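Let's take a quick tour of how the pieces of this fold sit against each other. Have the 3D view open and follow along.

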Amino acid sequence: IKKIGVLTSGGDAPGMNAALRAVVRTALGKGLEVYGIRDGYLGLHQNRISKLERFDVSNMINRGGTFLGSARFPEFKEKSVREEAIENLKEHGIEALVVVGGDGSYMGAKALTEMGFPCIGLPGTIDNDITGTDYTIGFHSALNTVLDAIDRLRDTCSSHHRISIVEIMGRYCGDLTIQASIGGGAEFTVIPEKEFDEEELISAISNDVEQGKDHGIIAITEHVTDVNALARRIESRTGLETRATILGHTQRGGAPCAFDRVMASQMGAFAVDLLLKGEGGRCVGIQSNKLVHHDIIESIENMSRPFNQELYDLTKTLS
Ligand code: F6P
């Protein structure tokens, strides 16, 4: 193998740049040429591909976002679009592709692999919802951002004797919410993996209020319910002013934390080593503190992420 491509795809995540830097520098160090593809599969389809050199990734390790750009490109599900993309890769002599992204990006990497073009997937998403890895690149940085927001909300809601609802990203995965809840000392935790019982939540808050509690934080994952409407219902039932804060895309930006920088660097280097060993069609992860790799097709079709019940139970024990 002489030439590899690299792209970032789907929602950006802090630490993607660290992963790109590691792929580029490891590959160049081992005598490979590296090509960067702009804006994910969209740029791949549009043939926006250029060679990367060592200094193209200077001053990148500490930067949030992804310098290659990213996009959501549902058209990549179409076989004809992927065939054109493979033609573009072949035109540049690229023999394998490293894809940094979330589950949509993995689907694209899987489909290319099935069409005979080897890809390696690196888990890059703040959601932590990828199989075959304990952590995804960006998760811990986003977690720190959410914790900072919760700390700030606690200051103001305790001063004003209010309830604060914090809506946290994660798509359909509650990991960010659970860990932010534990780290931020939230009183209530609502996640997509558990059926939401609004009546139970409001009764529990009312119970706390009767016992003298005059403020509190509810950490809730996006898509579970309309948090502004929930705030109005809590306020009318408990008599305590209630405000909802949707953290939104603030969670995706900012400098990557130390953990994400180091993990992304390790994963990027590991991906190149796998390709040099002739291993294509793999996805990289970290499990029990060890770098691992799984078959990308098997991982998408047959593996599932275990739900951490103990951690969820801890949110209740400590609230
Ligand atoms: O997958 C990352 C993520 O930030 C999710 O948490 C969120 O549901 C989604 O992306 C938002 O996507 P977009 O930036 O396209 O609105």
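Here's a short briefing on a sheet, the helices lying on it, and a pair of packed helices. Keep in mind that you're looking at a predicted model.

**The sheet**
- Seven strands make up an open sheet with mixed pairing, in the order E3-E2-E1-E4-E5-E10-E11.
- At the edges you'll find E3 (49-52) and E11 (290-295), each of which pairs on one side only.
- On average, neighbouring strands here are turned by 30 degrees against each other, if you ignore direction.
- Zoom in on E5 (residues 119-123) and E10 (residues 282-287): they run parallel and are joined by two bridges.
- In that pair, isoleucine 120 stands opposite arginine 282 of E10.

**Helices on the sheet**
- Helix H1 (residues 16-29) lies across E1 (3-9), E2 (33-37), E3, E4 (96-101) and E5, and runs at about 180 degrees to E1.
- Helix H4 (residues 103-114) also packs on the sheet, where it touches E1, E4, E5 and E10.
- The direction of H4 makes about 165 degrees with that of E5.

**Two packed helices**
- Helix H6 (residues 175-184) packs against helix H11 (residues 309-317) at an angle of about 40 degrees, and their axes are 9 Å apart.
- H6 and H11 are therefore oblique to each other, and their crossing is left-handed.
- H6 brings Ile178, Gln179, Ser181 and Ile182 to the contact, while H11 brings Leu311, Tyr312, Leu314 and Thr315.
- Sorted by class, the contact of H6 with H11 has five nonpolar residues, three polar ones and no charged ones.

Notes
Residues numbered from 1 in each chain as written. Predicted model: local features only at pLDDT ≥ 70, side-chain atom pairs only at ≥ 80, totals over all residues. Heavy atoms only, no water. Axes fitted to C-alpha atoms, helices over the stretch in contact; angles between N-to-C directions. Helix = DSSP H or I, 4+ residues; strand = E, 2+ residues; numbered from the N terminus. Parallel < 35°, antiparallel > 145°, perpendicular 65-115°, else oblique. Left-handed = near helix turned anticlockwise from the far one by under 90°. Contact = heavy atoms within 4.5 Å. Nonpolar A, V, L, I, M, F, W, Y, C, P; charged D, E, K, R; others polar. Pairing = 2+ DSSP bridges.
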